[in-house]
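Please keep the sequence and the coordinates at hand while reading.

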Amino acid sequence: MDSASTARLSAFLVEAKRRTYAGLDDDATVPAQIFPGSKQLEYREGDLSYPDIYFGMNYFVGQEVVQAGERVIWSMSYAGGLSPGISDRREVLAIYAFLRKALLGIGAERPFRGPLQFEEGDFRYLNAPEGDVSEFHGEEQIFRAGTRAYRLRYGGGIIR
C-alpha cells in the first residue's frame, strides 16, 4: 500500500471511529448483526466500509475491519474491559462515557484507539501503542482516582 493510500486509510479510520462507538455509543448498531448477541457498528464512505463487531460489556472482545469494495484491507482485534469487582451500573456507565470521550481524541498518526493520554475529573486514560497503521499493537487503561478501572489490549494492521 503506497503512502497516499495509507494516509487515506488513516483518515477514514479516524472518521469511522468518531462516527461509531466513540461518537454514538451503541446507537451506531446496525439492526441485523452477523452473529447473534453481538453489537455491530458500521460506517461507510465511498468505496470504504468499516464494521466493528464485538461481544460483551464488562469484559468484551471484538474486531474492526476496513473493506475497499469486497476486499478486506485492514483489521484490528481487541479484548478487555472493566477491572474485576466493578459492577455498579452508574460506575460502569461513567467509565465507558469517559472512554468514549478519550476515543474521540484519535489522530491519523495512530488511528487505532485514543490519544496517548486524556484526563477529566478523577479519570485518566493512558494509551501505549507501538507501530503504525500498517502493523501495530498496544494497551489502553483507565484509572479512576489512581486505581485502574479498565484495560484493553489491541493489535492489527494492513492485510497483505
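## Aromatic cluster and ring pairs

Y54, F60, Y78, Y96 and Y150 are joined by ring pairs into a cluster, where rings of Phe, Tyr and Trp (its six-membered ring) are taken to pair if their centres lie within 6.5 Å, and the angle between planes is called stacked under 30 degrees, edge-to-face over 60 and tilted for the rest. This is a predicted model, in which local features need pLDDT of at least 70 and side-chain atom pairs count only at pLDDT 80 or more, while totals for chains, interfaces and linings use all residues. Residues are numbered from 1 along each chain as its sequence is written, and side-chain values use heavy atoms, with hydrogens and water left out.

The structure holds 13 aromatic pairs. One of them is formed by F35 and F55, a tilted pair with 6.0 Å from centre to centre and 45 degrees between the planes. This pair links distant parts of the chain, since F35 is in the loop between α2 and β1 (39–45) and F55 is in strand β2 (residues 48–56), 20 residues apart; helices (H or I, at least four residues) and strands (E, at least two) are DSSP runs, numbered from the N terminus. F35 counts as partly exposed at 42% relative accessibility, and F55 likewise counts as partly exposed at 35%, given that buried means under 20% relative accessible area, exposed over 50% and partly exposed in between (1.4 Å probe, protein chains only).

Because Y96 lies in helix α3 (residues 89–103) and Y150 in strand β8 (residues 147–158), the pair ties together parts that are 54 residues apart in sequence. Both Y96 and Y150 are buried.

## Charges over rings

E64 has its place in strand β3 and counts as buried, at 2% relative accessibility.

## The second largest pocket

The second largest pocket has a volume of about 180 Å³. Its lining has 14 residues, of which E42, R44, S49, P51 and Q67 lie nearest the centre of the pocket, and the elements that give two or more residues to this lining are β1, β2 and β3 (59–68). By class, six of the lining residues are nonpolar, five polar and three charged, where Ala, Val, Leu, Ile, Met, Phe, Trp, Tyr, Cys and Pro count as nonpolar, Asp, Glu, Lys and Arg as charged, and the others, Gly among them, as polar.

On a 1 Å grid over the protein atoms alone, a pocket is an open set of points where a 1.4 Å probe fits, with protein on both sides within 12 Å along at least five of seven lines, and lining residues have an atom within 4 Å of a point. Grid points are joined across faces, edges and corners, and the volume is the space filled by probe spheres set on the points.

## Residues in loops

T20 lies in the loop between α1 (3–18) and α2 (21–24) and, at 1% relative accessibility, counts as buried. The side chain of T20 reaches the backbone oxygen of A16 at 2.8 Å. I106, in the loop between α3 and β5 (117–120), is buried as well, with a relative accessible area of 3%; I106 and L13 are 93 residues apart in sequence and 9.2 Å apart in space, C-alpha to C-alpha.

M57, found in the loop between β2 and β3, is partly exposed with a relative accessible area of 40%, and its C-alpha atom is 10 Å from that of L93, 36 residues apart in sequence. A145, in the loop between β7 (135–144) and β8, has a positive phi of about 55 degrees although it is not a glycine, and A145 is exposed, with a relative accessible area of 61%.

How values were computed: A polar contact is a pair of N or O atoms within 3.5 Å; within protein, one must be able to donate a hydrogen and the other to accept it, and residues adjacent in sequence count only if both atoms are side-chain atoms.
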